[in-house]
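Dear colleague,

Here is the structure I promised to pass on, followed by some notes on what came out of it. Please keep it open beside this message as you read.

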Amino acid sequence: VDFDFAGTAQAGKFLAIGAGTNGAVSIDGDTWTAEVLPALGGGNWASIADGLQDDGSSTFRPSIVMVVADGVSTVAYSSDADTWGTTTLPGSFNATGENTVAFGQITSAIARFVVISDADQDVAYTDNGGTTWNITGTALPATGYGEMVYGAGKFVAINSGTTSAAYSTDGVAWTGVTAPAT
């Protein structure tokens, strides 16, 4: 079999966020196109995470990109980085600080987005791409945890400017630890 064509395959997009509703998308990381993100009542879009969602089938798993803003409880989500939906974090979640989102594949059937804020010990999470949110009260050891990542089967959050860190295998139950000072 001979193939006689050339082209660029597109498996996804890069998304960059800026102040207000400013964003940009790229399929190759070199050429960028302006992207208008949903309007915010205040704050700025600040953190991005993406992950595959379990749709119940064995052949198709849609990807969701989620963006959270600092200072407000607005969350934007999209399956194509062009058409956006918005939702809000639970009312008891204090989103007035620096907010961070991370995605983790908890089990083969649970794909979870987790949001933390440096203004709160609570953790908000969704297992359905942002349609509905749950909250775990006083999940983090203290306030001040403003950065979070997921890797090697764990969410890890750090309390900036300290040696305090916390980790969780499910994004709901957290364990505080002390990181090395150097």
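Let me begin with Thr74, which counts as buried because its relative accessibility is 17% (buried means under 20% relative accessible area, exposed over 50%, and partly exposed in between, with a 1.4 Å probe and protein chains only). Thr74 has its place in strand 6, residues 74-78, where strands (E, at least two residues) and helices (H or I, at least four) are DSSP runs numbered from the N terminus. Leaving aside neighbours within four places in sequence, Thr74 is in contact with Leu40, Trp45, Val67, Val68, Ala69, Thr86 and Thr87, a contact being heavy atoms within 4.5 Å.

Before going further, please note that this is a predicted model, in which local features need pLDDT of at least 70 and side-chain atom pairs count only at pLDDT 80 or more, while totals for chains, interfaces and linings use all residues. Residues are numbered from 1 along each chain as its sequence is written, and side-chain values use heavy atoms, with hydrogens and water left out.

On confidence, the mean pLDDT of the protein chain is 88, and 90% of its residues reach 70 or more; pLDDT is the predictor's confidence in each residue, from 0 to 100. Where pLDDT is low, the predicted coordinates should not be read in detail.

As for the overall make-up, the protein chain has 15 strands and zero helices, and buried residues make up 39% of its 182 residues.

Towards the end of the chain, strand 13 (residues 154-159) and strand 14 (residues 164-168) run antiparallel and are joined by four bridges, two strands being paired if DSSP finds at least two bridges between them. Ala157 has Ala166 of strand 14 as its bridge partner, and Ala166 in turn has Gly176 of strand 15 as a bridge partner. Strand 14 and strand 15 (residues 175-178) also pair in the antiparallel sense, over four bridges. Both pairs are hairpins: four residues lie between strand 13 and strand 14, with Gly161 in the turn at a positive phi of about 80°, and six residues lie between strand 14 and strand 15, where Gly171 in the turn has a positive phi of about 80°. Gly161 counts as exposed, at 83% relative accessibility.

Finally, the count of salt bridges comes to two, a salt bridge being a side-chain nitrogen of Lys or Arg within 4 Å of a carboxyl oxygen of Asp or Glu. In one of them the side chains of Asp82 and Lys13 meet at 2.6 Å, N to O; Asp82 lies in the loop between strand 6 and strand 7 (85-88) and Lys13 in the segment before strand 1 (14-17), so the pair ties together parts that are 69 residues apart in sequence. The side chains of Arg112 and Asp127 also meet in a salt bridge, at 2.6 Å, N to O. Here Arg112 lies in strand 9 (residues 111-117) and Asp127 in the loop between strand 10 and strand 11 (134-136), so this pair ties together parts that are 15 residues apart in sequence. Arg112 is buried, with a relative accessible area of 7%, whereas Asp127 is partly exposed at 35%.
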